[in-house]
Amino acid sequence: MGRYLVTGGAGFIGGRIVERLVARGDEVVVLDDLSTAAAPVVADGATLVLADLAREQTYAERLDGTFDAVLHLGAQSSGEISHADPLRDFDVNARGTLLMLQWAEARGVPRFLHASSMAVYGPVQGPVSESAPARPQSYYGVSKVAAEAAVQFFGGRGLQTTIFRMFNVYGPGQNLANLRQGMLSIYLAYLLRGEPVLVKGALDRYRDFVHVDDVASAWLAALDADSDVGPRLYNLATGRRTTVAELLDRLGQAFGYAPHACPMTVAEGTPGDMHGSVGDVSRIGAELGWRPEMELDDGITGMVEWARGVAEATEGAEGQNR
């Protein structure tokens, strides 16, 4: 059993990792400001520290004890939002990561796992490997490159580090109220409201969709791997390409529409949006023995069922309050 600090542990991905850690008997402390979670609930058995990771006072006043590792997922993770407030993006993603690294080193925390993004790559052709140069096209991508550099710097000073460049993560628990983050969840939110899907950008754009349960499994695999090996850098993806048109068709059919009949409106793309991204996952497979298990059709079906259940429960609660 270990003791772990999970930043962003009340959010979509961090919350799923926390659930898995608690279920196997680990002690978990969650650091989160609850700013992005759809329904910020920390898993039973975990301890919540409500604080902003970009403030120096957080580390002096709110965190104590020893930890076997930091799992750092706390971040502003929307490329579109980053263009509206780039300074806040850098404050949370770059400065917050540096402060967390300094704290971990000073406390003697041996391991640091970090959530990065496929946004660091920028425009690519075909499956991109971890050796590809970073050419970010958004403030978000730039802030994640800066954060990665800080993690690698501390890795050279003795901290055992793992960086995950996560691609398009989806699944139950995603924030359906946030229409500026998460392609699949955004499209699903429109369908739940009975509105045509607003598609920002061309239908031939493509992405690599990886289920949140597979993502959580990868983080735990890295956590349990030999800590003497490192630093590590992994794409966290499936290696499979899905166009926006294909995604809409699959989502529409799971929602009950006929093939190629998903209602939509196509608009201009968002700043810094990449045309395509697919990850080469050979390294993580070889070194961690990890592979994605969830097929996209099954993942979409499960997410639609979850979203409909949430909508029905919300409508029922509102009806009782009238």
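Before we start, one term: contact, or touching, means heavy atoms within 4.5 Å. With that in hand, T162 touches F112, L113, H114, A222, R232 and Y234, leaving out residues up to four places away in sequence. Keep in mind that this is a predicted model.

**Buried spots and their neighbours**

- T162 lies in strand β6, and T162 is buried, with a relative accessible area of 1%.
- Over in strand β5 (residues 111-117) you'll find S116, which is buried too, at a relative accessible area of 3%.
- What does S116 touch, not counting residues up to four places away in sequence? The list is K144, E148, I163, F164, R165 and M166.
- A94 belongs to helix α4 (residues 86-107) and counts as buried because its relative accessible area, 14%, is under the 20% cut-off.
- Setting aside neighbours within four places in sequence, A94 is in contact with D89, S143, A146 and A147.
- A94 and A149 are 55 residues apart in sequence, yet their C-alpha atoms are 9.3 Å apart in space.

**Aromatic rings**

- How many aromatic pairs does the structure hold? The count is seven.
- One of them joins F164 and W219 in a tilted arrangement, 4.9 Å centre to centre with 35° between the planes.
- That pair links distant parts of the chain: F164 sits in strand β6 (residues 160-166) and W219 in helix α7 (residues 212-224), 55 residues apart.
- Are F164 and W219 buried or exposed? Both are buried.
- F255 and Y257 make another aromatic pair, this one stacked, at 6.4 Å centre to centre and 15° between the planes.
- Within that pair, F255 is buried at a relative accessible area of 14%, while Y257 counts as partly exposed at 31% relative accessibility.

**Charges over rings**

- The charged end of R308 sits over the ring of F255, 4.3 Å from the ring's centre.

**Salt bridges**

- Side chains of opposite charge can pair when their charged atoms come close.
- Counting a side-chain nitrogen of Lys or Arg within 4 Å of a carboxyl oxygen of Asp or Glu, there are 14 salt bridges here.
- R24 and D224 form one of them, with 2.8 Å from N to O.
- Why does this pair tie together parts 200 residues apart in sequence? R24 lies in the loop between α1 (12-23) and β2 (27-32) and D224 in helix α7, so the bridge spans that stretch.
- R24 itself is partly exposed, with a relative accessible area of 35%.
- Another salt bridge brings together the side chains of R95 and E56, at 3.1 Å from N to O.
- This pair links distant parts of the chain as well, with R95 in helix α4 and E56 in helix α2 (residues 56-61), 39 residues apart.
- R95 is partly exposed, at a relative accessible area of 33%.
- R250 forms a salt bridge with D297, and their closest N and O atoms are 3.5 Å apart.
- Here the linked parts are helix α8, which holds R250, and helix α10 (residues 296-321), which holds D297; the two residues are 47 apart.
- R250 counts as partly exposed at 32% relative accessibility, and D297 is partly exposed as well, with a relative accessible area of 42%.
- R16, E19 and D213 are joined in a network of salt bridges.

**On the surface**

- Which residues form a nonpolar patch on the surface? They are L203, M264 and V266, with about 220 Å² of accessible area together.
- M264 has its place in strand β13 (residues 264-267) and counts as partly exposed at 33% relative accessibility.
- H260 is found in the loop between α8 (244-255) and β13.
- H260 is exposed, with a relative accessible area of 70%.
- The phi angle of H260 is near 60°, a positive value in a residue other than glycine.

How values were computed: Residues are numbered from 1 along each chain as its sequence is written. This is a predicted model: local features need pLDDT of at least 70, side-chain atom pairs count only at pLDDT 80 or more; totals for chains, interfaces and linings use all residues. Side-chain values use heavy atoms; hydrogens and water are left out. Patches are made of residues with over 30% relative accessible area and no salt bridge: like charges are joined within 9 Å, nonpolar side chains (Val, Leu, Ile, Met, Phe, Trp, Tyr) within 5 Å. Accessible areas come from the Shrake-Rupley method with a 1.4 Å probe; for residues, only the protein chains shown count as cover. Helices (H or I, at least four residues) and strands (E, at least two) are DSSP runs, numbered from the N terminus. Buried means under 20% relative accessible area, exposed over 50%, partly exposed in between (1.4 Å probe, protein chains only). Rings of Phe, Tyr and Trp (its six-membered ring) pair if their centres lie within 6.5 Å; planes under 30 degrees apart count as stacked, over 60 as edge-to-face and the rest as tilted. A charge sits over a ring if NZ of Lys or CZ of Arg is within 6 Å of the ring centre and within 35 degrees of the ring normal.
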